[in-house]
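Please look over the model shown here before reading on. The numbered points below follow it one topic at a time.

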Amino acid sequence: MRDPHPSCTAPLVALLLGICLNAEAQPRFDPALDPLPAPRVQRPRPFGQGAVNVGGMLGFGSSGKTVAFTLGLNLGYFVLDGLEPGIFSDVTFGSEIETQISVLPYLRYIFHRSWRFSPFVKVQGGGLFFVEGPKLGLVGGGGGFVWGLGGNLGLNIEGMVFKLLPQSECPADDDCIRYNFGVSLSYLLGASPPRVRGPAPAPRPEQPQHQGPLGDEPGAPGEPAPLDETPTL
């Protein structure tokens with residue numbers, strides 16, 4: 001007579017056997033053969049203490065018969081992270097204008113250091129010298145940002161407001177205020193390019209080492225295996 005309550009033992013055994021076989025088929029992690037990938041090395045932020053900023057600019061302007069060219073250079077050193085004292089100098093010359101030279105030390109603070117976008121504030125002062133004219137003082141401030149162009153190269157965009165001194169050297173209808181908008185390139189020395197480290201290479205499998213002098217073991221290279229000396233009947 002057929003049992004109305006069939007046993008579940010056989011399906012349960014088959015299920016457990018399948019789980020065990022599946023677990024054996026899964027690859028096992030071996031730290032010696034499959035090391036974890038090494039952590040990526042983060043690029044240090046730019047404009048850190050000890051970095052040197054070297055830059056230059058080329059300007060061109062025209063008004064009627066007047067054509068002017070401006071060449072400028074700057075050099076700065078970061079005494080602290082983001083804090084850069086430096087000096088900027090330029091010369092402006094052209095047709096129908098008087099050649100003038102400016103020498104302007106500055107102090108700049110970059111309050112968000114990034115390889116992509118770094119805003120800053122800046123104070124600056126110095127002298128403006130006309131080759132055949134007066135010598136004036138300049139003092140002012142402003143701000144801008146550095147836009148990273150890749151590597152250690154950056155594009156500087158800034159706006160500055162200057163006051164000419166002394167007031168008596170300005171025309172009667174001139175307030176001695178000058179607005180300056182500039183674009184320049186700079187190169188940062190002492191800042192390494194990004195270095196990204198990939199996974200560490202897997203160790204090479206150990207080669208079997210020979211134990212003892214050559215020929216000490218049966219079947220060793222250089223010596224035939226011993227013959228069976230058992231006497232035959």
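1. D90 is buried but takes part in no salt bridge. Buried here means under 20% relative accessible area, with exposed over 50% and partly exposed in between (1.4 Å probe, protein chains only). A salt bridge needs a side-chain nitrogen of Lys or Arg within 4 Å of a carboxyl oxygen of Asp or Glu. The nearest side chain of opposite charge belongs to K122, 10 Å away; Lys and Arg count as positive, Asp and Glu as negative, and His and the chain ends are not counted. D90 sits in strand β3, residues 83–95. Leaving out residues up to four places away in sequence, D90 touches T70, L71, G72, Q100, I101 and S102, where contact means heavy atoms within 4.5 Å.

2. The model is predicted: local features need pLDDT of at least 70 and side-chain atom pairs count only at pLDDT 80 or more, while totals for chains, interfaces and linings use all residues. Residues are numbered from 1 along each chain as its sequence is written, and side-chain values use heavy atoms, with hydrogens and water left out.

3. One helix and eight strands make up the list of elements, in the order α-β-β-β-β-β-β-β-β along the sequence. These are DSSP runs numbered from the N terminus: helices are H or I with at least four residues, strands E with at least two. Of the 233 residues in the protein, 23% are buried.

4. Which residues form the largest nonpolar core? There are 12: F88, L104, Y106, L128, F130, L136, L138, M160, F162, L164, C170 and C176. Such a core is a set of buried Ala, Val, Leu, Ile, Met, Phe, Trp, Tyr and Cys residues joined through side-chain atoms within 4.5 Å. Strands β4 (100–110), β5 (117–130), β6 (135–150) and β7 (153–165) each supply at least two of its residues, and β7 gives the largest share, three. Apart from this core lies another of seven residues, including F47, A51, I110 and V146.

5. The whole structure holds four aromatic pairs. Rings of Phe, Tyr and Trp (its six-membered ring) pair if their centres lie within 6.5 Å; planes under 30 degrees apart are stacked, over 60 edge-to-face, and the rest tilted. The F47 and F78 rings have centres 5.6 Å apart and planes at 45 degrees, so this pair is tilted. F47 lies in the loop between α1 (9–25) and β1 (52–63), and F78 in the loop between β2 (66–77) and β3, so the pair ties together parts 31 residues apart in sequence. Both F47 and F78 are buried. Ring pairs also join F117, F145 and W147 into a cluster.
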